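Please consider the points in order alongside the structure.

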Amino acid sequence: MVDLKVKLGRMELKNPVMTASGTFGYGTEYQDFIDLSRIGGIVVKGTTLRERQGNAYPRMAETPSGMLNAVGLQNKGVEYFINNIYPGIKQFETEIFVNVSGSTIEDYIITAEMLNDLDKIPGIELNISCPNVKEGGMAFGTSCLSAAQVVKAVRRVYTKEIMVKLSPNVTDISDIAMAVEAEGADSISLINTLLGMAINVEKRIPVLSTVTGGLSGPAVKPVALRMVWQVAKAVKVPVVGMGGIMNATDAIEFLLAGASAIQIGTANFIDPTVSIKVLDGIEDYLKRHKFGSVKDIIGALEV
Amino acid sequence: MLDLIVKENRQLNDQYFLLILGSLDKLPEMLPGQFVEVRVDNSPETFLRRPISINFVDYQKNELWLLIQIVGEGTRKLSLCKQGELLNLLLPLGNSFSIPSKTDSKLLLVGGGVGIAPLLFLGSKLNEKGIVCDFLLGGRSKDNLLQLKEFSTYGNVYTTTEDATFGEKGFVTNHSILKSNNYDLIYSCGPTPMMKAVAAYAKSTNTECEVSLENTMACGFGACLCCVTDSTDGHVCVCTEGPVFNISKLKW
């Protein structure tokens with residue numbers, strides 16, 4: 001038997017395969033396709049203090065080996081989540097993280113405080129990297145000072161696992177990673193989407209209503225992998241890698257680069273069963289290479 | 001998620017083709033107005049699945065029909081698939097057109113271009129309920145009017161073309177039957193300007209109206225939140241709350 005368990009800060013996941021926020025709804029959208037209890041963890045849709053309608057349509061553009069999105073954190077707010085969504089998902093036999101975003105530090109604090117009371121939510125993913133919201137999101141994640149301020153403030157009120165999701169739209173992502181680690185982040189996830197754009201040349205207008213949007217999919221994988229490798233070397237806390245993972249080989253690359261767990265995002269749209277295939281593929285790889293535990297390959301890259 | 005086998009790829013003209021898909025297993029129950037998401041294999045230029053409305057389901061032969069217009073690289077790749085190939089589909093997705101309970105309901109089904117596709121399946125389902133409907137189908141030219149024979153088995157077919165190559169000249173909303181008839185319900189699928197014109201006609205005559213939207217989607221099952229339309233309930237996903245909407249729900 002191969003041991004697939006991984007440590008993530010103070011907690012343990014049954015395996016390193018998670019699904020990324022904004023690509024997996026609340027898990028319920030995938031219940032018809034897969035057995036949710038098999039995956040290591042789910043990060044549910046970005047949640048804000050108050051309801052957000054998100055950006056105007058069009059919000060998506062297909063690009064070579066990927067897509068741009070400009071959803072803009074559409075969600076019904078944390079209170080709705082607690083009263084209407086949480087009761088329906090708390091029985092899922094997987095670890096559920098709530099992705100938390102805000103326009104002000106105060107928003108982050110109140111939202112995190114409200115989520116702290118939910119028994120079946122072992123942690124939050126602090127989103128300081130959403131590129132599609134004017135104030136907040138990425139604005140916090142692009143300077144060491146503001147990133148540290150958000151983490152410090154939330155750390156005071158949130159007692160459970162804090163995973164901080166970083167933006168790749170920075171000069172040196174390792175600096176930001178070290179800054180959030182110093183303020184008490186239990187783990188660090190990366191990368192959020194890369195800022196990009198697309199143009200409709202016939203009409204000479206942007207494809208997205210917001211002009212720019214976040215690029216995801218296999219197009220970003222080499223960039224994501226490089227950043228995960230850099231951050232894993234720079235910090236002691238566990239790193240959760242994501243960015244264009246389409247199959248088990250991609251996932252194993254991230255584990256070798258130093259990620260303790262991985263998140264699958266955009267690939268879920270094309271194959272809603274992909275998380276299970278990635279999990280099975282990792283297990284096959286470990287057997288084939290005679291590793292007893294997935295921990296044996298975390299950061300095992302020989303340079 | 002199902003792998004279906006291509007039983008036939010019928011090229012209708014240089015713009016349209018009909019895929020007839022089969023399965024060894026019994027096809028799931030599908031409703032008129034629902035759609036499928038087709039994975040486009042061997043297509044490095046495209047990335048996402050393609051949402052395609054259900055054109056017809058023949059439960060006797062266990063066949064699913066997809067009427068597709070070549071609009072880009074994804075649909076062009078699909079147009080090349082050969083008999084015997086497997087296509088991976090997510091199905092059925094979305095809600096459906098409503099079927100009236102009264103068999104003497106007077107119904108008009110208005111389609112434009114490839115938007116006629118779901119109306120054939122709708123017409124067949126209405127027929128099963130004993131309802132004979134009127135089809136009003138429009139296209140730019142004669143080549144855009146497809147499956148007229150199939151439509152005529154389920155009701156009366158009226159047509160318009162913008163260049164007067166077939167039927168009455170002009171847009172569907174110019175057709176003479178709209179002047180001489182009162183309908184209980186109008187269904188519409190086609191280009192957005194056409195559906196908006198149909199919706200305006202329905203409002204002006206106080207007629208119930210359902211339209212099928214085709215916003216661009218990434219997933220098709222409510223996870224990505226990319227395909228939203230502005231409704232009386234705010235932004236809602238076309239893939240799960242639609243694609244069929246009563247026009248009273250839309251901010252048109």
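The numbered points below concern a predicted model.

1. Overall dimensions. Chain A has 303 residues and a radius of gyration of 18 Å, which agrees with the value near 19 Å that a compact globule of this length would have. Along the principal axes, its C-alpha atoms fill a box of roughly 55 × 50 × 40 Å.

2. Fold content. Nine helices and 16 strands make up the secondary structure of chain A. Of its residues, 56% count as buried. Among contacts in chain A with a separation of 6 or more, 71% join residues 24 or more positions apart.

3. Contact between the chains. Chain A contributes 24 residues and chain B contributes 20 residues. On the chain A side, the elements giving two or more residues are β5 (60–63), β6 (66–69) and α8 (267–270). That side comprises 10 nonpolar, 11 polar and three charged residues.

4. Helix α9 of chain A. This helix covers residues 274–288 and reaches 21 Å from its first C-alpha to its last, close to the 21 Å expected at 1.5 Å a residue. Its buried residues are V274(A), S275(A), V278(A), L279(A) and I282(A). Seen down the axis of α9(A), these buried residues fall within an arc of 145°, so they line one face of the helix. An α-helix has 3.6 residues a turn, so residues three or four places apart point the same way.

5. Just after the helix, K290(A) adopts a positive phi of about 55°.

Note on methods. Residues numbered from 1 in each chain as written. Chains lettered and ligands numbered in written order. Predicted model: local features only at pLDDT ≥ 70, side-chain atom pairs only at ≥ 80, totals over all residues. Helix = DSSP H or I, 4+ residues; strand = E, 2+ residues; numbered from the N terminus. Rg over C-alpha atoms; globule rule 2.2 N^0.38 Å. Buried ≥ 20, exposed ≤ 12 C-beta atoms within 10 Å, placed from the backbone. Contact = placed C-beta atoms within 7 Å. Nonpolar A, V, L, I, M, F, W, Y, C, P; charged D, E, K, R; others polar. Expected span 1.5 Å × (residues − 1). Arc of directions from axis to C-beta.
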